[in-house]
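Have the sequence and the model open as you read.

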Amino acid sequence: MSRIVVVTGAGSGIGKSTVDVLREQGHTVIGVDLKGADLDVDLSDPDAITRMVQEISESHDHVDAIVANAGTQSNSSLDLKVNYFGAIDTIKALEPLLTQSEDPRVAITASAASLQPTDYSLVELLLAGDREKAVAYGGKLAESGPQVGYSNYSASKRAIATWVRKVAPTEEFAGRGIAINAVAPG
């Protein structure tokens, strides 16, 4: 059975390989990336994500799966905007199309970095959904140099893995038959 799958970070690396495998299996894939994919979208920009969903909705009445793979490791607040907020914003924005699938699925690329030391205050800001404070806090970490700034990356990955564990059993996901999981390469 052919499925419609949205893959973010589809322009290179794991995302591109995922797109290639899915297409070889006969699935319809909508690749999303900053450049080099079916849709060029800046996932750090919530308005761009809204436009992406509008564009997908014009040609598809549902989406069967989302692979939220896009990510950065800049050791700056960009990591928070793409790795955490970009993934969640993409999933939430595509949720109406996802709920129209008979067998909806979501996979998110976390990282083994989620197990590394990080700044727990930043993780808490992310999990609280406080985008403005998290980005400002991450900016201050980045100003302290790359070693301290690395917490932007590790916190984004720890927060996304924690978010998945929190939302997976909820009515919003499990209650509507949406399986959601994180994979941690590395």
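The model is a predicted one, in which local features need pLDDT of at least 70 and side-chain atom pairs count only at pLDDT 80 or more, while totals for chains, interfaces and linings use all residues. Residues are numbered from 1 along each chain as its sequence is written, and side-chain values use heavy atoms, leaving out hydrogens and water.

Q: At 18% relative accessibility, does N75 count as buried or exposed?
A: N75 sits in the loop between β4 and α3. Helices (H or I, at least four residues) and strands (E, at least two) are DSSP runs, numbered from the N terminus. With a relative accessibility of 18%, N75 counts as buried.

Q: What phi does N75 have?
A: Most residues other than glycine have a negative phi. N75 isn't a glycine, yet its phi is positive, at about 60 degrees.

Q: Where does α3 bend?
A: The helix in question covers residues 77-98. The bend at a residue is the angle between axes fitted to the seven residues ending there and the seven starting there. In α3 that angle is about 40 degrees, and the bend is at F85.

Q: How many of the residues of α3 are buried?
A: α3 is mostly covered. E95 belongs to this helix and is buried, with a relative accessible area of 7%. For α3 as a whole, the buried count out of 22 residues is 17.

Q: Which residues does E95 touch, not counting residues up to four places away in sequence?
A: Contact means heavy atoms within 4.5 Å. Once sequence neighbours up to four places away are set aside, E95 touches E172 and R176.

Q: Are α3 and α6 roughly parallel or antiparallel to each other?
A: Axes are lines fitted to C-alpha atoms, for helices over the stretch in contact, and angles run from 0 to 180 degrees between N-to-C directions. α3 and α6 (residues 146-167) pack at about 20 degrees, with axes 7 Å apart. Angles under 35 degrees count as roughly parallel, over 145 as roughly antiparallel, 65 to 115 as roughly perpendicular and the rest as oblique. So α3 and α6 are roughly parallel.

Q: How many nonpolar residues are in the contact of α3 with α6?
A: On the α3 side the contact includes L80, Y84 and I88, and on the α6 side it includes Y153, I160 and W163. Ala, Val, Leu, Ile, Met, Phe, Trp, Tyr, Cys and Pro count as nonpolar, Asp, Glu, Lys and Arg as charged, and the others, Gly among them, as polar. The contact has 3 charged and 4 polar residues, and the nonpolar count is 9.

Q: What is the handedness of the crossing of α4 and α5?
A: Helix α4 (residues 120-127) packs on helix α5 (residues 131-143) at about 155 degrees, with axes 9 Å apart, which means the two are roughly antiparallel. The contact includes L122 and L125 of α4 and Y137 and L141 of α5. A crossing is left-handed if the near helix is turned anticlockwise from the far one by less than a right angle, and right-handed if clockwise. Here the crossing is left-handed.

Q: How does α4 lie relative to α6, parallel or oblique?
A: The axes of α4 and α6 come within 9 Å and cross at roughly 45 degrees. That makes α4, relative to α6, oblique.

Q: With which residues is R131 in contact, leaving aside its neighbours within four places in sequence?
A: R131 is in helix α5 and, at 29% relative accessibility, counts as partly exposed. Beyond four places in sequence, R131 contacts P46, F85 and D89.

Q: What separates the C-alpha atoms of V63 and V6?
A: V63 lies in the loop between α2 (46-59) and β4 (65-68), and it is buried, at 0% relative accessible area. Its contacts beyond four places in sequence include V6, I56 and L97. V63 and V6 are 57 residues apart along the chain, and their C-alpha separation is 7.3 Å.

Conventions: Buried < 20%, exposed > 50% of the residue type's maximum accessible area, 1.4 Å probe, protein only.
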